[in-house]
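Walk through this model with the structure open beside you. We will go from a pocket to a metal site, and then to the helices.

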Amino acid sequence: VLTTATSSTPDTHRVTFSRLTLPHHWLATVGAWVFVLGYNQPLWQRISPTVPDTFQGTLFLAAFALFLATVLTVLLQSIAIPKLQKPMLIFLFMSAAPIHFFMTHYGVIIDKSMVQNAFETDTAEVHDLLSGAFILHLLLFGVLPSALVCWVRITYPTLKKGLLIWLVYLIAAIITIVALNAGFSKSFSSTFRNHREIRHLIIPSNYLYYTGRYLSGAYDVQNQPLQRIGEDAKLAPIWDRIQKPIVTVVIVGETARAANFGLNGYERNTTPELSQLPIINFGSVESCGTSTAVSVPCMFSDMTHANYDGSTATHRENVLDVLGHAGIPVLWRDNNSGCKGVCDRITSQPQSTYWDDSVCKDDHCFDEAMTHHLDTWLANAGDKAVIVLHQQGSHGPAYYQRYPKAFEQFTPICETGDLKTCSPEAIRNTYDNSLLYTDHVIANVIRYFQERNDQWASSVVYLSDHGESLGENNMYLHGMPYFIAPDTQTHVPMVAWLSDAFQQQMEIDTNCVQQQAKTATSQDALFHSLLGLMAVDTHLYQKDQDRFGVCRRG
Ligand SMILES: [Zn+2]
């Protein structure tokens, strides 16, 4: 496209770039192929190892690419009209670029809950994810192709001719798909059957589909009436014998994985403080989901991992409401990105309530801040209370920002959110330091109530929401669809501590709980365990799911 143009003065020549001119349907076709080949490495990396390393296998991969390009071409042809085609293509490139970054850098997969997380995140979480590599990626995969689209000159036919061209493409596409299906039907059906995750991997359909569903309100049920549950809840007869005020604290952990938890036999002692305390460790606990947006509502819900439905959860009461029905005041303190609807109907206190300059700075508090200024609320709670503390825990990728410097025990660390630039060892060190700090935070809550033994008979339960991938099999962070998620994302630590007064007043035999803790359990147990710990009777209560009340004497 370099041409020599003669300027008005005959003696001088000027070199200019003339713009490339393309017919509209060419732009659509080229655009489709650019997406299929340039933005779908995660898809090809997933499929390639599953096909035989033969000519037939390679042919199938080519057929797969042709299939995707054919479908996408027809879609892009449908929007190939003046004033719409270029803005739409630019929108696609600019939106695909960050998605492509997270998929290739962190191995994430785009599905309903990932899109939901993206929309419900906060600025701190976004800030953690931004890095030089991210900006470069945006320039390369977003801005550059968009600039090319701007630059190229497009010719448009008359409406009649345009429709004709579109029809030709449609017929050609149908013929291509029928032919591909005839030639590769077995391979196609087995690939789609055995790799259900494929639909979450295809850019741009994956994020467009789930974002469209999200924005159209398919996952949003605010207009649905509230489903009340456990309205028959009341304090069990044991409360007649109780003399000391009773409090249970639930610490909802963030991104702590069972495999790196010292108490679970990890080679490093990441739980030095808890191991000095008389706690009960639950060594085998499965999470309900692999993201906060799923796990947190699910663990408090009476729905189980097997039948959990996120949209139902948004307008259905949970165990905190049931405790409320029994007359127990419940408080939620959040140091994470929100309670995901779980605290909608109970008292919740923002960061400003527990802000303390000793552990808070620049809009951010370390998790141990959450016990600060708690006495005021406790003093007004009466003789019974449940408190939920929602941690920031080990939320990635900026693990190094999750703990004060004093907890930097394992070094070298990874001081960036761009994990790919760090060694696996540095990532593990940083993550383990964040667990060391969580150990300190949990132990701190226990000590806080040990110091108030004369006022309260207390118990503390810690349960992480989901685990994390630290680069194993090139996977980072969390949020994998559950059925293909690795154990590191679905196995979480859980710890409980019952003060002597609590054991005595609530008539719970901790030796029995220690035995309970040896059997495998899941986040499904939290609903019933909280009712059991607080001795609340309701028809919803299932004793076999309760890890504590089942050990009540008499
Ligand atoms: Zn989480």
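Four helices, α5 (112–119), α9 (205–215), α10 and α11 (310–313), each supply at least two residues of the lining of the largest pocket. Helices here are DSSP runs (H or I, at least four residues), strands are E runs of at least two, and both are numbered from the N terminus. The largest share of this lining, 4 residues, comes from α10. About 1100 Å³ of space lies in the largest pocket. Of the 49 residues that line the largest pocket, K112, Q116, V294, Y308 and G310 are the closest to its centre.

A pocket is an open set of points on a 1 Å grid over the protein atoms alone, with protein on both sides within 12 Å along at least five of seven lines; in a cavity, a 1.4 Å probe fits but cannot get out; lining residues have an atom within 4 Å of a point. Grid points are joined across faces, edges and corners, and a volume is the space filled by probe spheres set on the points.

This is a predicted model: local features need pLDDT of at least 70, side-chain atom pairs count only at pLDDT 80 or more, and totals for chains, interfaces and linings use all residues. Residues are numbered from 1 along each chain as its sequence is written, and side-chain values use heavy atoms, with hydrogens and water left out.

The structure holds 1 cavity of 30 Å³ or more. About 40 Å³ of space lies in the largest cavity. Helix α15 (residues 424–450) gives the largest share of its lining, 3 residues.

Now find the zinc ion. Its protein donors are E254 (OE), E254 (OE), T292 (OG1), D465 (OD) and H466 (NE2), at 1.9 to 2.7 Å. Donors are N, O and S atoms within 2.8 Å of the metal (3.2 Å for Na, K and Ca); water is not among the atoms, so sites may look incomplete. T292 lies in helix α10 (residues 292–300) and H466 in the loop between β14 (457–464) and β15 (469–470), so the pair ties together parts that are 174 residues apart in sequence.

Last, look at helix α8. It bends by about 90° at F184. The bend is the angle between axes fitted to the seven residues ending there and the seven starting there. Among the buried residues of α8 are G162, L180 and F184.

Technical notes
Buried < 20%, exposed > 50% of the residue type's maximum accessible area, 1.4 Å probe, protein only.
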